[in-house]
Amino acid sequence: WVLIDAQDQILGHLAVRVADILRGKDRPEYSPHIICGRGVIVINAEKVKVTGIKEYTKTYVRHSGYRGGDKYTTFRELMARKPKAAIEYAVSGMLPKNRLQSQMMARLRIFVGPDHDLGAQKPTTIKL
């Protein structure tokens, strides 16, 4: 397992690094059809940043299933309501859209604040 501190990190840069570790692209035995990556623990999810005016203009779209049921949320509203979701959306968008995506996302643990409950895995800290 790997521990990454998201404090004062750019959302896109953080998501690229996390996606590469989950896929195993940072290891010499990487193979695209096998999960050979490691689990990732991200702490301080509420302190991640975006550049420019994306805090106000970046939107997340979801649909209710009904006609005209689009729901729009800005980055700032999402961080106030569910700070973990912004990192989850960014990382899942960078993983391949196949059967392995859900298995890789299951090994991503995101925590609000500096504490986490995965101390038994003895994660190594990575500086970004």
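Me: Why is D8 called partly exposed?

Reply: D8 has a relative accessible area of 49%. Buried means under 20% relative accessible area, exposed means over 50%, and partly exposed lies in between, with a 1.4 Å probe and protein chains only. The value for D8 falls in the middle class, and therefore D8 is called partly exposed. The model is predicted, so local features need pLDDT of at least 70 and side-chain atom pairs count only at pLDDT 80 or more, while totals for chains, interfaces and linings use all residues. Residues are numbered from 1 along each chain as its sequence is written, and side-chain values use heavy atoms, with hydrogens and water left out.

Me: Where is D8 found, and what is noted about its phi?

Reply: D8 is in the loop between β1 and α1. Its phi is near 60°, a positive value in a residue other than glycine. Most residues other than glycine have a negative phi. K122, in the loop between β5 and β6 (124-126), also has a positive phi, near 50°.

Me: What makes K122 exposed?

Reply: Its relative accessible area is 70%.

Me: How do you know that the protein has five helices and six strands?

Reply: The elements are DSSP runs numbered from the N terminus: helices are H or I runs of at least four residues, and strands are E runs of at least two. On that basis the secondary structure comes to five helices and six strands. Along the sequence they follow the pattern β-α-β-α-β-β-α-α-α-β-β.

Me: Why are β1 and β2 said to pair?

Reply: Two strands pair if DSSP finds at least two bridges between them. Strand β1 (residues 2-5) and β2 have four bridges, in the parallel sense, and therefore they meet the condition. V2 has V40 as its bridge partner in β2. By the same definition β3 and β4 pair, since five bridges join them, and they run antiparallel. V61 stands opposite Y72 in β4. These two strands form a hairpin with six residues between them, and G65 in the turn has a positive phi of about 105°.

Me: Which way do the residues of β2 point?

Reply: In a regular strand the side chains alternate between the two faces of the sheet. From strand β2 (residues 40-43), V40 and V42 point one way and I41 and I43 the other way; all are buried.

Me: What makes T73 buried, and what does it touch?

Reply: T73 lies in strand β4 (residues 70-74). Its relative accessible area of 8% is under 20%, so T73 is buried. Contact means heavy atoms within 4.5 Å. Not counting residues up to four places away in sequence, T73 touches K58, T59, Y60, L78 and R81.

Me: Which elements do the buried residues of α4 pack against?

Reply: They pack against α1 (11-23), β2, β3 (59-63), α3 (75-81), α5 and β5 (108-110). The buried residues in α4 include P83, I87 and V91.

Me: Why does the radius of gyration agree with that of a compact globule?

Reply: The radius is taken over C-alpha atoms, and the globule rule is 2.2 Å times the number of residues to the power 0.38. With 128 residues, a compact globule would have a radius near 14 Å; the protein has 15 Å, which agrees. Its C-alpha trace spans about 45 × 30 × 25 Å along the principal axes. Buried residues make up 41% of the 128 residues.
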